[in-house]
Amino acid sequence: MNDKTISLRHWMWKALASTALIPLIAVELVLIGIYLFTNQSIRNTQIDYLHETAVSDLTESVGQNTHIINTELSQLGNDANLFARLTEHALQGEQHAPAILATSADGVRYDNGADDQVASFYSSHTPLASQDLGKVTRLATLDPLIKQLKDRNPLIASVYFNSWDSYNRIYPGFDILQQYPHNMNIPEYNFYYLADASNNPQRSSRWTEVYLDPAGNGWMMSAIAPVYSGDFLEGVVGLDITVSGILKQIGELKVPWDGYLMLVAPDLTIMVMPEAGEHDFKLIELTAHAYTQAVSNEMLKPQTFNLRYNDAHDALANAIESQPRGVLTTRFEGRAHLVAWDTVANTGWHLLAVVDEAAITATTDTLATHYRQVGYWLIGGLVIFYLGFFLFIWWRVKHLSQALVHPLAGVSQMMAQIGQGHWQPDRPQTDIDELASMARSASSMGEQLNEAQDSRQVAQQRLTVVMESSTEGLWEFDVAKRELNLRGSLCHRFNLPEKISDHRLLHDRLQPADSEALIRFIKDLEKGRYHNGCELRLVDHHGKTVWLQCRGRVLARDPDNGKPLLLAGTCMDINGLKNVETDLRLKTLEAETASLAKSRFISSMTHELKTPLNAIHGFAQLLSYNNPGSAGPVDEIIRASNHLCQLVNDLLSWSSVQAEQARLQLAPIDTTQLLRECVDMVSRDAQEAELTLSLGEIQVGPGIIADARRLRQVILNLLSNAIKYNRPGGAVTVSCRHEHGRARIYVEDSGLGIDSQARTRLFEPFQRLGQENTAIPGTGIGLALCKELAQRMNGEIGVTSTLGSGSLFWIELPCAQSEPTAAASNRQASVLCLQQDNAERALIRQAFKNIASVRIVDEDRLVLEQMSQAPVQLLLIDLDCIGSAIQALLVSLQELYEARCPPVIVMSSQEIPRYLLNLNCQGLLSKPVDPDELRELAAVFLCEDIQRVP
């Protein structure tokens, strides 16, 4: 909350400025902005037009200059072709006397010639004996032509002929012996192999790259043409053009806006570049060089002159490569430049024209700057005008505010007196209707507050009566001060002060468990968690221990961060409820004792019955053996005693399973051996019933974790039922398969089958599904006993059946390798699932494959029992299996485990009630369940990096 206030005059000034002055200034500034924007828009339009004109003019200019250069180069190429043809003719001419050349000590024949004479050089690469001096004489006939070519065209720096056997004839002459390497191999140079048949099959003139002339003329390029004798390449003629000469020629060509031209080779190497281009491309044109290396090795322009090897010119290089002519805007040294190019047809070279865009828009920028300055002068004039206008308005506001301050101060004084309990203060005098009305309203408010004070006192008395009759009192907890305030009869009845700052005073009066519960209760409320409250025991002033239930909620929060500031609640005497709860617990204990006594009675009774039954059965068998004539009645006694023994055995098994609880001895069992033993034990019964009993497919795998005696009992019971409820000539098959770390044993028969409606009661005790009226013996306990034993061994049992076609019973148990070791338990979470549907069970196991061990039960009463046997990190509940009983189950979990209760995920095919979120339910999933969604939701609670199910 902002407590800063301002004076009335200041407020009036701000109101006037915000409602009138500032909008007026804003309008003026908008108009000036429109003026400046219009000026800028006109400038931009002119620049766009100039840019289009420049592109057109520059394109036309570079095209014209390209035509000029192409014409020049074409003429040079024609001269080179003419020179080559005449050279071919001269080499085929008549023989003359051998030329006389000077010979060096290392085998070089040479003639330096004068400045106006042709020089000759025969490299020592060709031995003296092999040098053709007649060829030198024949080529001398071309000297007038060579001189004429050089003198006629100022671009030509030198004219030469080079032969296959390293003979060089060049004009004008120079100190050739000093300049050339004596063993120079001419065919290895670039200009020579560019003219051979592989590189120039048309035998036309070609242009070389820019290279450093071994003859000392600097950086140049040559128009060369091959000289053939039949199909044999006799040599190459060439016209050398220096870079400096091309620069001078290009410099004489006109480019608009003070632009410049440059030549680029087909491989994007800069061949010729004027001084202006050196600054833009950050290169220095090679017009001079040391010749020490050039005379021994061919020297071409370095890679730095290639546009492709300079990242700053990638866009320009790509554009030139992609099209023979065009225009591109690029930047040199941060300044925009237009670059137009065209391709010289005869050579493939690119002529580039470069113009600075600032030169194009210079006039337009000058005009725009002038109009912008005019706009600035307008802004300055407005500033001066409004400064004076603001001073005048400030003076007027000062006088008006003084006329309002006195009556407003009087109204403020009235409000202060009303706040102090003086309900009828004196009203100030004023001529302003609104202020007079405000004073009257303040006076009326005082009268109403006086009446409200009287009503509040009456309501407070009524609230006190209601609070004292319904609760022991109220409590408030100031989070910041950590202070507890008590109201009502709490203080008097339990000898407690109304304000408790030292919490030890209260906690010393509580038992340790109640003290910890109170601390958790307060912390949960501070963190915004839902809490049912806590129960405490306090000793009243009579020395009697009283149970109190404390409930509460957040009464006030910090508006900035939402943290609780004040907690409040009630304390209720629940001593009577606790007494009822104690009585219920005693009654429950009595009921459990009676149930245990019942089980013991049944066990004792069945043991007592077995003794006379064994005697009856034994004497009946003796009578059958000794008196064959009385076989009919005696056999009836034997069958009846067998039936009665079976009943007694079933009752004994049922009572022992109910009593033994966790006394099962779970250990790995050889599945194959166990199934063979069981089949052997009932094989005689199957033969007597005319049935085929066989072992089907038994997958080899790890042993089953189970109690051997009880598992054998389950399988024998399933085999016995398959034999009893079969038909003559039928079959019984036993098989076993392994999947996902669990083994499933199948007992399949070809009997009568079971109706789908009756299957829901199949595993209930004493249910025979209508077979109790038949001659087939049984008690209806066997399958219920099998289900109980399967669940005790962490397994499941089920059946699939078609009426009239037989039944398939199965029991599924964990394999030995799926039992988690101590190390594996630390790595893998444990999940408990309440699920009855077999398909859903398989889906859940697949969802948690390789990330958690899953235990599945089909009754809610088994959830707490399984959780007490082994810790659980996550609980899955199918709402379709448990219905409204889920509320009682979740409440029981909260009471038993409190803060240690594992998270719960509820699955349902219907709409899930939202009240479950207040009962320790952290996740809701709709059925059918998506395995990926289940894994991702479980990852939040198990803190696992879970991948999606493949």
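Does Arg493 count as buried or exposed, and at what relative accessibility? Arg493 counts as buried, because its relative accessibility is 19% and the cut-off for buried is under 20%. The model is predicted.

**Salt bridges**

The structure holds 24 salt bridges.

| Salt bridge | N to O distance |
|---|---|
| Asp573 and Arg493 | 3.3 Å |
| Arg841 and Glu796 | 1.8 Å |
| Asp880 and Lys927 | 3.1 Å |

**Asp573 and Arg493**

The side chains of Asp573 and Arg493 form a salt bridge at 3.3 Å. Asp573 belongs to strand β20 (residues 564-573) and Arg493 to helix α12 (residues 490-494), so this pair links distant parts of the chain, 80 residues apart. Asp573 is partly exposed, with a relative accessible area of 31%.

**Arg841 and Glu796**

Between the side chains of Arg841 and Glu796 the N to O distance is 1.8 Å. Because Arg841 lies in helix α21 (residues 838-847) and Glu796 in strand β26 (residues 796-802), the pair ties together parts that are 45 residues apart in sequence. Both Arg841 and Glu796 are buried.

**Asp880 and Lys927**

Asp880 and Lys927 meet through their side chains in a salt bridge of 3.1 Å. Helix α23 (residues 879-882) holds Asp880, while Lys927 is in the loop between β32 (923-926) and α25 (931-942); the two residues are 47 residues apart and link distant parts of the chain. Asp880 has a relative accessible area of 40% and is partly exposed.

Key
Residues are numbered from 1 along each chain as its sequence is written. This is a predicted model: local features need pLDDT of at least 70, side-chain atom pairs count only at pLDDT 80 or more; totals for chains, interfaces and linings use all residues. Side-chain values use heavy atoms; hydrogens and water are left out. A salt bridge is a side-chain nitrogen of Lys or Arg within 4 Å of a carboxyl oxygen of Asp or Glu. Helices (H or I, at least four residues) and strands (E, at least two) are DSSP runs, numbered from the N terminus. Buried means under 20% relative accessible area, exposed over 50%, partly exposed in between (1.4 Å probe, protein chains only).
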